[in-house]
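Morning, everyone. Please take a look at the screen, and then we'll walk through it together.

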Amino acid sequence: MSYLKIDSIQKVYQNDKPAIVDFSLEIPRGQIVSLVGESGSGKSTLLRIIAGLENKNSGEVFLGEERILTPKEKLVPGYDEIQLVFQEYHLYPNSTVEENIGRPLIQYEKEYKKQRINQLLNLLGLVEFRDKLPRQLSGGQQQKVAIGRALSLEPQVILLDEPFSSLDTIQRRELIVELKAIFRKLEVTVIFVTHDLDDALQMTETLVVMQKGKLIQKGSPEAIFEKPKNLYAAKLFSHLNPVSQKPKTYIRPSDVLLFKSAGTAAKVIDKQYLVHYNQLTVQFSNGSEWKVEDKKRVFAVGDRLYLQWDKAKEISF
Ligand code: ADP
Ligand code: MG
């Protein structure tokens, strides 16, 4: 059953090309979806529309049976049930962790408020930091406080707009794994926006690829990897080598096999050490270049080698 329903959203900012183009997406309750797209593809606009914080030209958003009203239609825009979390934490610098998390609960009964804050501090592993000020915390901890604050009103939907971009890779990966478990436990529906595919894959099994305001593809990472709808979706996962004589046909570096004889001849012109292989840049006699993976790390710059690949692995658009 779909819970969050985004139906044919169209959004044009004044005198501009459309930011969101006929965008539809249905997400079941409790599902975590990662929305991937390059900068300017309309991700933030879409999240703000879903949260009821941005007007749209047409289309509707539904949360269950409830139609989400736009700022034009609602005196106080936005919904407690739908919380948006950004990269900038917007924590109150002179308030403690506990006070920051409890801020949205201001009109609630004291006893409930206390209990809810304790619950969240436990859930987020922040109990020992409850009396600390934001500046006494690491970036990852600050972002957890921001998420705790977003969770305080027991939202049904959490929209994460590139919330971890300012954290280093290790902090980010740890936080994503931790939050994923928390979201699952709370059965909250999540849209995680990122331009980083690896982050997206850490968070979820369902990917949505967005480009120039349009939904390009939705599915499991495997499905999109194997049958990408366009070049952009394909390139999220890896570099693509153009196959000569075959327009709009490509092969992934990981699908090219390297030999010392037999195959298409090429010359190694660059070598880059990566964690699982050496990435080679090879050049053909016609001057065109490919990236390939030397898993055994046997080739050096200047070497000749021969390439072979399974035609079935070629990707055509
Ligand atoms: P993303 O979050 O994927 O980077 P945005 O939703 O921020 O994309 O932006 C999508 C497009 O809409 C961009 O072309 C951007 O310049 C434009 N845009 C975003 N916000 C505004 C605004 N408030 N006024 C005018 N144009 C905007
Ligand atoms: Mg954005």
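Why does T194 count as buried? T194 has 24 C-beta neighbours inside 10 Å, so it counts as buried. The rule is this: 20 or more other C-beta atoms within 10 Å of a residue's own means buried, 12 or fewer means exposed, and in between is partly exposed, with C-beta atoms placed from the backbone.

A word on the source. This is a predicted model, where local features need pLDDT of at least 70 and side-chain atom pairs count only at pLDDT 80 or more, while totals for chains, interfaces and linings use all residues. Residues are numbered from 1 along each chain as its sequence is written, and chains are lettered from A and ligands numbered from 1 in the order in which they are written.

Back to T194. It sits in strand 8, residues 189-194. Strands are DSSP runs of E, at least two residues, and helices are runs of H or I, at least four, numbered from the N terminus. Which residues does T194 touch, leaving aside neighbours within four places in sequence? They are S34, V36, E162, D199 and A200. Contact means C-beta atoms, placed from the backbone, within 7 Å. Take E162: it is 32 residues from T194 in sequence, yet 5.0 Å away, C-alpha to C-alpha.

Now zoom out. The protein has 8 helices and 18 strands. Buried residues make up 34% of its 317 residues. The domain assignment, automatic or from a database, gives domain 1 (2-232) and domain 2 (240-316). Their C-alpha centres lie 40 Å apart.

Next, the core. A nonpolar core is a set of buried Ala, Val, Leu, Ile, Met, Phe, Trp, Tyr and Cys residues joined through C-beta atoms within 7 Å. The largest one holds 73 residues, and I50, I158, L159, V190, I191 and F192 touch the most other members. Helix 4, residues 139-151, gives the most to this core, with 5 residues. For I191, the contacts beyond four places in sequence are V33, L35, L47, L159 and L160. In soluble globular proteins, nonpolar side chains tend to be buried together.

Last stop, ligand 1. Which residues are around it? Y13, D16, A19, G37, S39, G40, S41, G42, K43, S44 and T45. Each has its C-beta atom, placed from the backbone, within 6 Å of the ligand. The shell divides into 2 nonpolar, 7 polar and 2 charged.

Technical notes
Contact = placed C-beta atoms within 7 Å. Nonpolar A, V, L, I, M, F, W, Y, C, P; charged D, E, K, R; others polar.
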